[in-house]
Amino acid sequence: MAGLTLVRAALSQLRNAARSRPYGSASAAQLSYDYYEEEEYGLHEEASDLMARIGTAESSPRRGVQWVLIGDPGVKKHVYAEKLSNLLEVPHISMGSLVRQELNPRSSLYKQIANAINEGRLVPEEVIFALLSKRLEEGYCRGESGFILDGIPRTRIQAEILDQIVDVDLVVNFKDTEEQLVKKNLKSDTFSSCQELLGMGNSRFSSTDAASAWKEKFHIQAEQGKQLEDYYRKQRKLIDFQVAGAPGETWQGLLAALHLQHMNAVSSSQKLTA
């Protein structure tokens, strides 16, 4: 597969370069699937200016938008990715879903993924980007144009690899307060699974212990995420979006931030008259 060859070449090049970088580490070159507002570099700009510069779905007749959603864990990025996908009529590509689909004994990648999970290791980067390249190639053959991508990248190195595979137009960075994130993740099934893996399902561990463990993990991910944010901020592709309390309020705020209220109004009107 041409995509796999490209991924391997990109990985080799970036891993060699990472040895001389302060952020280059073994963990930064792999991906885990559980899971600031700054004005540096003199590149800060208002969301409206950014949207005007890169354009919206209507401004590019050649193809659909190619947007990436990143941000804090537990903010339900996949939900808004699906909504944007339907609104802009481009496919939603979920990296988590692509990996889960390969957890099938018939898959050629099953052993690699299953062994990594069973041994508590991270899914190799080569596997992750091979899956993504395959999905993009299949979509291209079906006549798909554009995408809303979530679940990747999680690190700066992954962002650099992604840049060698596709042209990203815009990166939406979902942010929430630490207090709200703790509440949401302590209630989630994902956190319950993490508790079991950490041996925290035992009654000796209180909710306070669980919250402290999650906060520690969140701070580690936040440091890694900051490097990712800085990477896209330098490219002037990043929009920071603060999640609101209710899902409906968050969706309306997202539409406003992306200047898509008019498209949502047209879509809603078409559904009412259908």
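Student: Exposed means over 50% relative accessible area, and buried means under 20%. With that in mind, is R100 buried or exposed?

Tutor: This is a predicted model, and in it R100 counts as exposed because its relative accessibility is 56%, over the 50% cut-off. R100 lies in helix α4, which covers residues 95–101.

Student: How far apart are the C-alpha atoms of R100 and Y110?

Tutor: Their C-alpha atoms are separated by 9.7 Å, with the two residues 10 places apart along the chain.

Student: Let me step back to the whole protein. How many helices and strands does the protein have, and what share of the residues is buried?

Tutor: The protein has 12 helices and seven strands, and buried residues account for 43% of its 274 residues. The accessible surface comes to about 14,700 Å², and carbon and sulfur atoms contribute 50% of that surface.

Student: Now helix α3. How many residues does α3 have, and how far does it reach?

Tutor: Helix α3 spans residues 77–88, which gives it 12 residues, and the distance from its first C-alpha to its last is 16 Å, close to the 16 Å expected at 1.5 Å a residue.

Student: Which residues of α3 are buried?

Tutor: They are K77, Y80, A81, L84, S85, L87 and L88. Around the helix axis these residues cover an arc of only 165°, which means that they sit on the same side of α3.

Student: Switching to peptide bonds, which one is cis?

Tutor: The bond from I152 to P153 is cis, with omega near 5°, whereas most peptide bonds are trans. P153 is located in the loop that runs between β5, at 147–150, and α7.

Student: Since you mention α7, how many of its residues are buried?

Tutor: Six of the eight residues of α7, which covers residues 156–163, are buried, so this helix is largely enclosed by the rest of the structure. The buried residues are I157, Q158, A159, E160, I161 and L162.

Student: On to the rings. How many aromatic pairs does the structure hold?

Tutor: It holds three aromatic pairs. In one of them, the rings of Y80 and F174 have centres 5.8 Å apart and planes at 20°, so this pair is stacked.

Student: Are Y80 and F174 buried or exposed?

Tutor: Y80 counts as buried at 5% relative accessibility, and F174 counts as buried at 0%.

Student: What is the geometry of the pair formed by Y231 and Y232?

Tutor: The ring centres of Y231 and Y232 lie 5.3 Å apart and the planes are at 70°, so that pair is edge-to-face. Y231 and Y232 are both buried.

Student: Back to Y80, then. Which residues form an aromatic cluster with Y80, and what else is Y80 in contact with?

Tutor: Y80, F174 and F241 form one aromatic cluster. Leaving aside neighbours within four places in sequence, Y80 is in contact with L69, V75, F174, P247, T250, W251 and L254. The C-alpha atoms of Y80 and D150 are separated by 9.7 Å, although these residues are 70 places apart along the chain.

Key:
Residues numbered from 1 in each chain as written. Predicted model: local features only at pLDDT ≥ 70, side-chain atom pairs only at ≥ 80, totals over all residues. Heavy atoms only, no water. Helix = DSSP H or I, 4+ residues; strand = E, 2+ residues; numbered from the N terminus. Expected span 1.5 Å × (residues − 1). Buried < 20%, exposed > 50% of the residue type's maximum accessible area, 1.4 Å probe, protein only. Arc of directions from axis to C-beta. Phe/Tyr/Trp six-rings, centres within 6.5 Å; stacked < 30°, edge-to-face > 60°. Contact = heavy atoms within 4.5 Å. Areas by Shrake-Rupley, 256 points an atom, 1.4 Å probe, with all protein chains shown as cover.
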